[in-house]
Amino acid sequence: KAPKTWPKKKRLGKKPKTENEGGKRKKNSNAWDHFNVIPKDENHAKYVYCGTKISCSARNGTNVMKRHTDRCKKSPFFKDKTQTILDFESRTKINTDGIVETVNIPKLWRFNHDAIRKALAKMLILDELHFALVEREGFRQFCKVAIPEFVPPSRSTITRDCYGLFIEERKNLKNFFNNLSSRVCLKTDTWTSGQNLSYMCLTAHFVDDHWKLHKRIINFCPVVGHFGELIGKSVEKFLLKWNLKRALTVTVDNASSNDLAIKYLKKIFNLWDGCVLDSEFLHMRCATHILNLVIKDGLKDVNVSVLKVRAAVKYVRSSPSRLQKFKSCVEEEKITCKGLVCLDVKTRWNSTYLMLKTALVFKKAFKNIKTKFSPYTKELLKQPVGGALPFLEIFYNATLKFSRIPLCDGKYFLEEIYDIGYTIYDYVSDPNVDVKNMANQMKLKFDKIGQMFVILIFKFSLH
């Protein structure tokens, strides 16, 4: 009879060697699911989530690797075991009656030192605060009272945090541009600072997949000068850095150098095959700059009066004693305006409008201050300044609308430009001779620049 149990046969072949005998040990631990052995250093492994090197030799085992997996904050298995605090978050709620009310919703708050440091870096960037704020005694005392566990960093550390946040946001924006399906509208401007240094700013406007409009400053840097081809090459270099080759329009002001820059960019975009209609409508002109040119030509007829008003305001604000005497005259005349006269910036016409507007409010105070201001007061009462303010106010409001508009809608700009054109034509027949001459000067400039801008938008909206 056969035996009930057969003896087990011995496995053929040699016994596998251990690591000490020159063989490779089999990795059975679950810790190896999250570590990769470094090829040139078999005694160390790299954690796949944070890149930390951990010893993995046979002598140490895998306990070190498991402990790192449990406490690494970048690991998906990390569980924060610190104590939480009950907090309340304010949210708005709409009742069935349609009434909006604020409710407090309880939530658990846990102290996170890294999150607080990141929020502090964002605060410094958004509010444009200096880095030395974190070392001030008042700020440290505030942190000690508000969050005793938080240790404020030094200004060198917070500088690195801000730069790290910039690198992170730039990386996210690059990834977003790589996956962007729509085209980008670019806007660039160059100017010279008081230190005689030239700067250029490049802004990108785009619509995401959820039809939400975004605006990002993708470059701000010094440039050698305001030469046309130099501006075009600078824009080309920055677009290559961001991998942006599909543009819809490039908005610039009416400087002659920008025409050369647009001519160069048209060739580049045609080589990249990144523009529509062979870059025929790539060039877009800045609407606010067009208004600025139109109004500057109109103010030439009242330039003498503007100079005298500017001299009067400058005299009042030139010393504290003169300003105090002017304030006493304001109180004597019982002028209820809380503000004071403001000095304009010669290159910005809207500040000139605000200077003239406030000067007319305080004309009685100018009469009362001294006999030196009598010629200036006469200029304030003349029609070239006072009668033109309602006319200039229309342009001032249009400039504010163009600057604050949330949507890049060509139809909106077209409507505003047409309204301004009709207003200029109405004031051409004004009974006031000075206002009539001002409107004629504006009409000549508007016919030269404004209509070209309107035709460009109209053609682009048709396509």
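Author: Accessible areas come from the Shrake-Rupley method with a 1.4 Å probe, and for residues only the protein chains shown count as cover. The protein chain here exposes about 31,000 Å², and carbon and sulfur atoms supply 53% of that area. This is a predicted model, in which local features need pLDDT of at least 70 and side-chain atom pairs count only at pLDDT 80 or more, while totals for chains, interfaces and linings use all residues. Residues are numbered from 1 along each chain as its sequence is written, and side-chain values use heavy atoms, with hydrogens and water left out.

Reader: How many helices and strands does the protein chain have?

Author: Helices (H or I, at least four residues) and strands (E, at least two) are DSSP runs, numbered from the N terminus. The protein chain has 16 helices and ten strands.

Reader: What joins strand 1 to strand 2?

Author: Two strands pair if DSSP finds at least two bridges between them. Strand 1 (residues 35-38) and strand 2 (residues 41-47) run antiparallel and are joined by four bridges. A hairpin through two residues connects strand 1 to strand 2, and V37 stands opposite A45 in strand 2. Strand 2 also runs antiparallel to strand 3 (residues 53-55), with three bridges; K46 has K53 in strand 3 as its bridge partner. The hairpin of strand 2 and strand 3 has five residues between them, and G51 in the turn has a positive phi of about 80 degrees.

Reader: Is C72 buried or exposed, and how many disulfides are there?

Author: A disulfide is a covalent bond between the sulfur atoms of two cysteines. The rule asks for a pair of cysteine sulfur atoms within 2.5 Å, and the count comes to zero disulfides. C72 is in no disulfide; the nearest cysteine sulfur, that of C50, is 3.7 Å away. Buried means under 20% relative accessible area, exposed over 50%, and partly exposed in between (1.4 Å probe, protein chains only). C72 is buried, with a relative accessible area of 8%, and C329 counts as buried at 5%. Of the 463 residues of the protein chain, 35% count as buried.

Reader: Which residues does N258 touch?

Author: Contact means heavy atoms within 4.5 Å. Not counting residues up to four places away in sequence, N258 touches I231, V252 and D253. N258 lies in helix 6 (residues 256-272) and counts as buried at 7% relative accessibility. The side chains of N258 and D253 are joined by a polar contact of 2.3 Å. A polar contact is a pair of N or O atoms within 3.5 Å; within protein, one must be able to donate a hydrogen and the other to accept it, and residues adjacent in sequence count only if both atoms are side-chain atoms.

Reader: How many salt bridges are there?

Author: Side chains of opposite charge can pair when their charged atoms come close. A salt bridge is a side-chain nitrogen of Lys or Arg within 4 Å of a carboxyl oxygen of Asp or Glu, and the count comes to five salt bridges. One of them joins R117 and D161, with the closest N and O atoms 2.8 Å apart. R117 lies in helix 2 (residues 113-126) and D161 in helix 4 (residues 155-178), so the pair ties together parts that are 44 residues apart in sequence.

Reader: Where do E229 and K233 lie?

Author: Both E229 and K233 lie in helix 5 (residues 228-242), four residues apart, about one turn of the helix. Their side chains meet in a salt bridge (3.6 Å, N to O). E229 is partly exposed at 45% relative accessibility, and K233 is partly exposed at 42%.
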